[in-house]
Amino acid sequence: MKAVCSLCPHHCALEEGQTGLCRARTNRDGKIVCSSYGRVTALAVDPVEKKPLRRFYPGSRILSVGSFGCNLRCPFCQNSEISMADSGTRTIELSPNQLTAKAAELSQSTLGNLGVAFTYNEPLVGYEYVRDCCALIRRAGMKTVLVTNGFICEEPLRKLLPLVDAMNIDLKGFTQRYYEWLGGDLETVKRTIEIAAAQCHVEVTTLIVPGRNDSEEEMRAEASWLASVSPEIPLHITRSFPRYRVQEEAPTPLATIDRLCAEARKNLRYVYAGNC
Ligand code: SF4
């Protein structure tokens, strides 16, 4: 029986056994299930600043976990080995209980651990795993962090937010044309930022791709809109490096990042240069 996934605006209509565009959700017995549930491709303890979160428990470390799959198709993806992987990729099994126990054990160590960050690939395509883990991590008194592209429908977003302490949301550019290049939609991501910022700590990241989203005019529009949500939202303006399908371009010049940071600071209180 055909089933439609209602998690993100792609609304994939899947035949029995078929997997969606994100490669992480499958129609099994007429129901959409998360095929990446409990399957981990990357696990590391990182400084929280590396997420990046600069104004959320600075100086802390956080257990960071990734799976596979993504619902966008950014040609410049900096993490395509796992974001573009499918269920055939090598993973380790880590149940929500096991992940929580690992995070709790680390929190007792000398260096400490804030909680768990869901990152590396797009965490929201593994929605049910993230939701179940977040509930347990919270119950154990730790913090939950999502590093996401924000391309999710409103209803599942609102259901998940009470379990989330902080998010870093990509705002990849500020034109619909740019988002179409990535297979996404600007308005959906703007709505995610607005809703999330009202409920948890939010920081935003814009990865600058030379010649694509590096104009001062676009940054002016982005920073001005972000300030209308809140001028206190930290914005990370980061360099990109040649990766995935954009191998021919040079890394973003440092001067470009400086110029765009200066532009954004006219509207926003906290602007950080990233990958510099
Ligand atoms: S989350 Fe995946 S399966 Fe669901 S609609 Fe989006 S791309 Fe399709």
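**Burial, packing and backbone angles**

Visitor: Why is Leu-124 called buried?

Guide: The relative accessible area of Leu-124 is 3%, and buried means under 20%, exposed over 50% and partly exposed in between, with a 1.4 Å probe and protein chains only, so Leu-124 falls in the buried class. This is a predicted model, in which local features need pLDDT of at least 70 and side-chain atom pairs count only at pLDDT 80 or more, while totals for chains, interfaces and linings use all residues. Residues are numbered from 1 along each chain as its sequence is written, and side-chain values use heavy atoms, with hydrogens and water left out.

Visitor: Where is Leu-124 placed, and which residues does Leu-124 touch?

Guide: Leu-124 sits in the loop between strand E9 (115-118) and helix H3 (127-139), helices (H or I, at least four residues) and strands (E, at least two) being DSSP runs numbered from the N terminus. Not counting residues up to four places away in sequence, Leu-124 touches Leu-7, Leu-146, Thr-148, Ile-152 and Leu-160, where contact means heavy atoms within 4.5 Å. Gly-17, by comparison, is 107 residues from Leu-124 along the chain, and the C-alpha atoms of the two are separated by 21 Å.

Visitor: How do you know that the buried residues of H8 line one face of the helix?

Guide: In H8 (residues 254-264) the buried residues are Thr-256, Ile-257, Leu-260, Cys-261, Glu-263 and Ala-264. Seen down the axis, these buried residues fall within an arc of 160°, so they line one face of H8; the arc is that of the directions from the helix axis to the C-beta atoms. An α-helix has 3.6 residues a turn, so residues three or four places apart point the same way. The exposed residues Ala-255 and Asp-258 are on the face of H8 turned away from its buried side, whereas the buried residues pack against strand E12 (201-208), helix H7 (216-229), strand E13 (235-239) and strand E14 (271-274).

Visitor: Why does Thr-256 count as buried?

Guide: Thr-256 has a relative accessibility of 9%, and therefore counts as buried. Leaving aside neighbours within four places in sequence, Thr-256 is in contact with Ile-208 and Asp-214.

Visitor: Why does Arg-23 count as partly exposed?

Guide: Arg-23 has a relative accessibility of 29%, and so counts as partly exposed. Arg-23 is found in the loop between strand E2 (13-14) and strand E3 (25-28), and its phi is near 70°, a positive value in a residue other than glycine. Asn-275, in the segment after E14, is also not a glycine and has a positive phi of about 60°; at 44% relative accessible area, Asn-275 is partly exposed.

Visitor: What makes the peptide bond from Lys-51 to Pro-52 cis?

Guide: Its omega is near 0°, and Pro-52 lies in the loop between strand E6 (42-47) and strand E7 (61-66).
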